[in-house]
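Trainee: I would like to go through the terms used for this structure and check each one against its definition. Please show the sequence and the structure to begin.

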Amino acid sequence: MPAPTNGLFDPKRTALLVMDYQNGIVGRLPEPDALIGRVRDAIADVRAHEGTIGYVRVAFTDDDYATVPATNVTFAAAAENRAMGDDDPSTAIVEPLAPEQGDIVVRKVRIGAMSTTDLDQRLRARGINTVVLTGVSTSGVVLSTVIDAADRDYRVYVLSDCVADFDPDLHDLLLDKVFGRRATVIDSAELHNMLAKG
């Protein structure tokens with residue numbers, strides 16, 4: 001079912017967030033090429049309608065490792081092993097989705113896109129009130145950012161064909177049962193139509 005726009009969807013006040021599309025994460029998916037292609041097309045669509053593209057990547061500096069306590073289930077091992085370093089090729093954004101001049105690029109050290117970055121401030125400085133989420137994984141950065149962005153009063157959309165998870169059942173559960181409580185789940189074809197009407 002197409003998402004209702006109610007005259008509220010303004011491409012120029014919309015940001016497409018490309019989250020954790022980095023070599024060491026996307027490379028663990030069984031067949032990432034089609035997914036990357038859909039995200040690339042969505043980026044081109046949003047650019048063509050003067051929207052904002054925001055990139056979020058997870059990577060640590062030496063100082064960051066020291067701030068990760070042993071209680072952090074997700075990142076304690078990475079900190080102990082000094083993995084996912086800021087300069088490591090595994091944390092670079094995949095080449096087909098490389099940022100362009102004028103895009104927002106932030107580096108995070110926790111799961112969500114906003115809690116350890118200035119992404120929220122940078123979006124608001126551009127007048128953004130709507131975020132469209134793409135990311136790997138659905139149960140990680142996408143889930144965290146849906147909840148956080150909704151709490152920060154953004155209009156939130158999740159692109160169902162531009163998110164992926166290493167657990168397909170959990171991916172489906174989130175898209176079918178959870179995200180709709182705080183966001184609107186659409187696919188890239190629906191985004192294309194919304195941009196054209198916006």
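Mentor: Start with burial: a residue is buried under 20% relative accessible area, exposed over 50%, and partly exposed in between (1.4 Å probe, protein chains only). The model is predicted, so local features need pLDDT of at least 70 and side-chain atom pairs 80 or more, while totals for chains, interfaces and linings use all residues. Residues are numbered from 1 along each chain as its sequence is written, and side-chain values use heavy atoms, without hydrogens and water.

Trainee: What makes β5 mostly covered?

Mentor: Eight of the 10 residues in β5 are buried.

Trainee: Why is D151 called exposed?

Mentor: D151 has a relative accessible area of 59%, and the cut-off for exposed is over 50%, so the term applies. D151 lies in helix α6, residues 138–151.

Trainee: What counts as a helix or a strand here?

Mentor: Both are DSSP runs numbered from the N terminus: helices are H or I with at least four residues, strands are E with at least two.

Trainee: How do you know that β5 pairs with β4 and with β6?

Mentor: Two strands pair if DSSP finds at least two bridges between them. β4 and β5 have six bridges, and β5 (residues 155–164) and β6 have three, so both pairs meet the definition. Both pairings are parallel. Among the residues involved, V131 has V156 in β5 as its bridge partner, Y157 stands opposite T184 in β6, and V158 stands opposite V185 in β6.

Trainee: Which crossovers join these strands, and what makes them right-handed?

Mentor: The chain goes from β4 through α6 to β5, and from β5 through α7 to β6. Each of these β-α-β crossovers is right-handed: with the strands pointing away from the viewer, the path from the first strand over the helix to the second runs clockwise.

Trainee: Why are β3 and β6 described as standing at the edges?

Mentor: The open sheet has six strands in the order β3-β2-β1-β4-β5-β6, with parallel pairing. β3 (104–108) and β6 (184–186) each have a single partner strand, so one side of each is left without a neighbour in the sheet. The twist averages 25° from one strand to the next; angles run from 0 to 180 degrees between N-to-C directions, with axes fitted to C-alpha atoms, for helices over the stretch in contact.

Trainee: Which strands does helix α7 touch?

Mentor: Helix α7 (residues 168–178) touches β5 and β6, where contact means heavy atoms within 4.5 Å. The direction of α7 makes about 150° with that of β5.
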